[in-house]
Amino acid sequence: MNSQEKYKGDKTAVCDTAVFAVDMRTNEKIAEVFGKLVSIDSPSLKEREMADHLKKLFGEIGIQLEEDHTQEITGSNAGNLFARLEGEAGSEPLLFGVHMDTVEPSRGKKAIFHQDGTVTSDGTTVLGADDLAGVTAIYEAVLYLMEYKIPHRTVEILITTGEELYCKGANAFDYSKVRAKEAYALDLSGKIGAAAYAAPTLISFSATVQGKAAHAGFYPEKGINSIQAAAKAIARLSQGRIDENTTANVGLFSGGTGTNIVSESCTIGGEIRSLNHEKAMKILNEYHQIFKEEAGRIGAALKWEEKLNIIAYETALGGKTAENYRRAVEKAGLTAEFEKTFGGSDNNVFAQHGIEGLVIATSMNQVHSCGEYCSIPEIRQVSEILVNLCAL
């Protein structure tokens, strides 16, 4: 029996472990909030309407979301949203992080509600459970805390823009506003109760080999074939799963202007991910050196570009954040399961600012596809976990 069943109908009861039972609103009310969020177009860097709606939605329950002015940095038409719900004096604050943007195709999203509580799109767009399920769960949790005047820790909420574009909003945010040293990013697929405690460094790179054009039939010896150099470099690269903590991939290749012309220019692009930051940087340097060598062998020039998008972190499973999460999940009648992930999130950025965090499962499945789906009962479970994290 979970706490919700044990205290059904008693909105002020406290269990013997001092965690309040979550007698939350009906699934229909949760679905109403989620459905409205889904109906709002919020592709990355076009989050204006969503930001305005969220300020109004949270404002109606007394949570004032403050919008920052990071648009010039991120390129979005909206800023990040931040709020603080003050808790009991002396309590340690915690941060809940979500993002308001969705990947494409996302314009004209419609939530289709099924009898078993599952929600899908109409199949022509993503659903947007990534990350609107998380937004809904936070809203329901703070609403519950306020409605029933539950003693709680100070709760900070950060809703970012451009997360799907390597955490643009989170990277631009001013963390001097944040008091919390403990964070939970609601942005993970999987069984409710799961949490990612480690995520990778992710680096993107491009190499443009600049050779010399010439007619391939009459005087090929006067040309410098950029494709030849790029192909030889790629053949030398370690790719795929390098080891259990590292992957690398060349995913883009373009060049040449005609079959009868020695290719003057060729560009390739790829990425490196590793749970070990130093390993990722080592592979990056090796890649760069290989391209320089192959371009140099035939007298071509090389233009190299790289971008460190996010930096790896690992949260100690024996630490306070993981232990608090474990207890909160168990008090919701579920099992906490910890895993590593090869996906990045705003939590990578939180870690760089000294905030210890986890990325927690939030009822988002088959994300970044038109088959994305979530579950209203699961969103309710996530809200219960959040309440357990907050309640004193």
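Strand β11 (residues 246–255) and strand β12 (residues 265–274) are paired in the antiparallel sense over 9 bridges. Helices (H or I, at least four residues) and strands (E, at least two) are DSSP runs, numbered from the N terminus, and two strands are said to pair if DSSP finds at least two bridges between them. Within this pairing, Gly255 is placed opposite Cys266 in β12. The structure is a predicted model, in which local features need pLDDT of at least 70 and side-chain atom pairs count only at pLDDT 80 or more, while totals for chains, interfaces and linings use all residues. Residues are numbered from 1 along each chain as its sequence is written, and side-chain values use heavy atoms, with hydrogens and water left out.

Strands β11 and β12 belong to an open sheet of 5 strands, arranged in the order β10-β11-β12-β9-β13 with antiparallel pairing. The edges are formed by β10 (240–243) and β13 (301–310); each has a single partner strand, so one side of each is left without a neighbour in the sheet. On average, neighbouring strands of this sheet are turned by 20° against each other, direction ignored. Such angles run from 0 to 180 degrees between N-to-C directions, and the axes are lines fitted to C-alpha atoms, for helices over the stretch in contact. In general, strands of a sheet pair through backbone hydrogen bonds, either parallel or antiparallel.

Strand β9 pairs with β12 in the antiparallel sense over 10 bridges, and Leu202 stands opposite Arg273 in β12. With β13, strand β9 pairs in the antiparallel sense over 9 bridges; here Phe205 is found opposite Glu306 in β13. Of the 10 residues of β9, 8 are buried, so this strand is largely enclosed by the rest of the structure. Buried means under 20% relative accessible area, exposed over 50%, and partly exposed in between (1.4 Å probe, protein chains only).

Strand β4 is joined by 2 bridges to strand β5 (residues 118–120), and the two run antiparallel. The bridge partner of Phe113 in β5 is Val119.

Aromatic side chains were examined next. Rings of Phe, Tyr and Trp (its six-membered ring) pair if their centres lie within 6.5 Å; planes under 30 degrees apart count as stacked, over 60 as edge-to-face and the rest as tilted. By this rule, 11 aromatic pairs are counted. One of them is the tilted pair of Phe82 and Phe173, with 5.6 Å from centre to centre and 45° between the planes. This pair links distant parts of the chain, 91 residues apart: Phe82 is in strand β2 (residues 81–85), and Phe173 is in the loop between α6 and β7 (182–188). Both Phe82 and Phe173 are buried. Ring pairs also link Phe82 and Phe173 with Tyr175 and Phe350 into a cluster.

A charge sits over a ring if NZ of Lys or CZ of Arg is within 6 Å of the ring centre and within 35 degrees of the ring normal. The charged end of Lys222 is placed over the ring of Tyr219, 5.0 Å from its centre. Arg241 lies over the face of Phe342, at 5.7 Å from the ring centre.

Most residues other than glycine have a negative phi, and most peptide bonds are trans. A cis peptide bond, however, joins Glu104 and Pro105, with omega about 0°; Pro105 is placed in the loop between β3 (94–99) and β4 (112–113). Another cis peptide bond joins Asp130 and Asp131, with omega about 20°, and Asp131 is in helix α5 (residues 129–147). Lys149, in the loop between α5 and β6 (155–160), has a positive phi near 50° and counts as exposed at 71% relative accessibility. Tyr166, in the loop between β6 and α6 (168–172), has a positive phi of about 60° and is partly exposed, with a relative accessible area of 33%.
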